[in-house]
Structures are given as C-alpha cells and as structure tokens.
Amino acid sequence: MTYVIEGLDPAPFAALFACDDAALAQRNIVAVTAADAGYPCRISLAEAMPGDRLLLINHVHQPAASPYRAAHAIYVAAGSRTKAVYRDAIPPIMQTRTLSIRAFDRSDMIIDAELGEGADAEALIERLLAIPETAYLHVHFAKRGCFAAAVRRG
C-alpha cells in the first residue's frame, strides 16, 4: 500500500518570523534557538540545526468538529519555506522516536491506534491504512505527545 507523509504548509507561519518577542508572546508563541537535537520542524520534517531559530507554537492539528479536536505545541523553523512530502518513506525525524499513530475515519473519530518505534513505523502505517474505514492518520511523538505529521493513502 502506498502512503504520503506531509509536513505543514509554511504559509500560515511565514509572517510570524517577522514578529518580535513581545508580539509573539501576545500570541502565546515563543522563539527559541536550537541548541542540539530535539527541535523537529513540522514543515520540513527535519531536525533543526544548532543555532537555527524556531517558533514554538500551539498548533491545532486536528481542527475537526469531533471530540478529537486537538492542539499541541510544535516547532516550525524560520528557514522552512516548502513543506516536506515523503512518498512511501518515513521522515528521518520519525525514524528515531517512539511514535503514536492514530487512525481516523471520515467523521474524524479515532478507529484504531498503534504505539511503536520509528523503525516499525512503515508496518504500523500500512496496517492502519489497510483498515477500510481509515480516512487518514496522525503521527505523534509519543514521549512529549506532540503532533508530528499527517499520513494519507498515496
């Protein structure tokens, strides 16, 4: 089964990088500088490099009108101008983390979920997408619970 994992559209975040810390704070956004690993950009689906500027944003990743409507903190890197698209491949930021993968139906209700290591992500994604009722998947980094990316059939 083919699948696509996509980063977030950079357009909604672009203007935020021109804001100063006070303007960001009014929106509950924090500017950070990557010191080491652990700053995965949700646009590029890549780790930020030490010294990169990122914004820590509360992002509504599940805008559905269902009980599963959800938001959580994510990082977006200043230099990310094009969303990543991975076809039948797991982005590097997912390969080394424990993942929670959630299957949603067309009513935006969770119908199944898996918890596993990044090395097993492809098999877990394929299993969940094989469920006929699955409309899409959301991948979260299990340790901190934050949204990583959406997955759809390719």
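Is Cys 19 buried or exposed? Buried: Cys 19 has a relative accessibility of 18%, and the cut-offs here are under 20% relative accessible area for buried, over 50% for exposed and partly exposed in between, with a 1.4 Å probe and protein chains only. My other notes follow.

1. Ground rules. This is a predicted model, so local features need pLDDT of at least 70 and side-chain atom pairs count only at pLDDT 80 or more, while totals for chains, interfaces and linings use all residues. Residues are numbered from 1 along each chain as its sequence is written, and side-chain values use heavy atoms, with hydrogens and water left out.

2. Cysteines. A search of the whole structure turns up 0 disulfides, a disulfide being a pair of cysteine sulfur atoms within 2.5 Å. For Cys 19, the nearest cysteine sulfur belongs to Cys 41 and is 17 Å away. Cys 41 is in no disulfide either, and its nearest cysteine sulfur, that of Cys 146, is 12 Å away. Cys 41 is buried too, at a relative accessible area of 1%.

3. Helices (H or I, at least four residues) and strands (E, at least two) are DSSP runs, numbered from the N terminus. An open sheet is formed by 6 strands in the order β5-β1-β9-β8-β6-β7, with antiparallel pairing; two strands pair if DSSP finds at least two bridges between them. At the edges sit β5 (85-87) and β7 (110-117), each pairing on one side only. Neighbouring strands are turned by 20° against each other on average, direction ignored. That angle uses axes that are lines fitted to C-alpha atoms, for helices over the stretch in contact, and angles run from 0 to 180 degrees between N-to-C directions. The β6 and β7 pair is antiparallel over 7 bridges, with Phe 104 opposite Ile 110 in β7.

4. The helix on the sheet. α4 packs on this sheet and touches β1, β6, β7, β8 and β9, its direction making about 170° with that of β7; contact means heavy atoms within 4.5 Å. Ala 121, Leu 124, Ile 125, Leu 128 and Leu 129 are buried in α4. Seen down the axis of α4, its buried residues fall within an arc of 125°, so they line one face of the helix. The arc is that of the directions from the helix axis to the C-beta atoms. Those buried residues pack against β1, β6, β7, β8 and β9.

5. The largest core. In soluble globular proteins, nonpolar side chains tend to be buried together. A nonpolar core here is a set of buried Ala, Val, Leu, Ile, Met, Phe, Trp, Tyr and Cys residues joined through side-chain atoms within 4.5 Å. The largest one has 23 residues, and Ile 5, Met 94, Ile 101, Ile 125, Leu 137 and Val 151 touch the most other members. At least two residues each come from β1 (3-6), α3 (92-95), β6 (98-104), α4 (121-129), β8 (136-141) and β9 (147-153). The largest share, 5 residues, is from α4.

6. Met 94 and the second core. Not counting residues up to four places away in sequence, Met 94 touches Ile 5, Leu 99, Gly 118, Val 139, Phe 141, Ala 148 and Ala 149. A second, separate core has 21 residues, including Leu 8, Ala 34, Cys 41 and Leu 55.

7. The other strand pairs. β2 and β3 pair in the antiparallel sense over 4 bridges, and the bridge partner of Val 30 in β3 is Leu 56. β3 also pairs with β4 (residues 70-77), antiparallel over 8 bridges, and here Gln 62 stands opposite Ala 70 in β4.

8. Two backbone spots to look at. Leu 45 has a positive phi near 55° while being a residue other than glycine. Leu 45 lies in the loop between β2 (30-33) and β3 (53-62) and is buried, with a relative accessible area of 0%. Leaving aside neighbours within four places in sequence, its contacts are Ile 5, Glu 6, Gly 7, Ala 84, Tyr 86, Pro 91, Pro 92, Ile 93, Ala 148 and Ala 149. Asn 28 is not a glycine, yet has a positive phi of about 60°. Asn 28 is placed in the loop between α2 (21-26) and β2, and counts as exposed at 64% relative accessibility.
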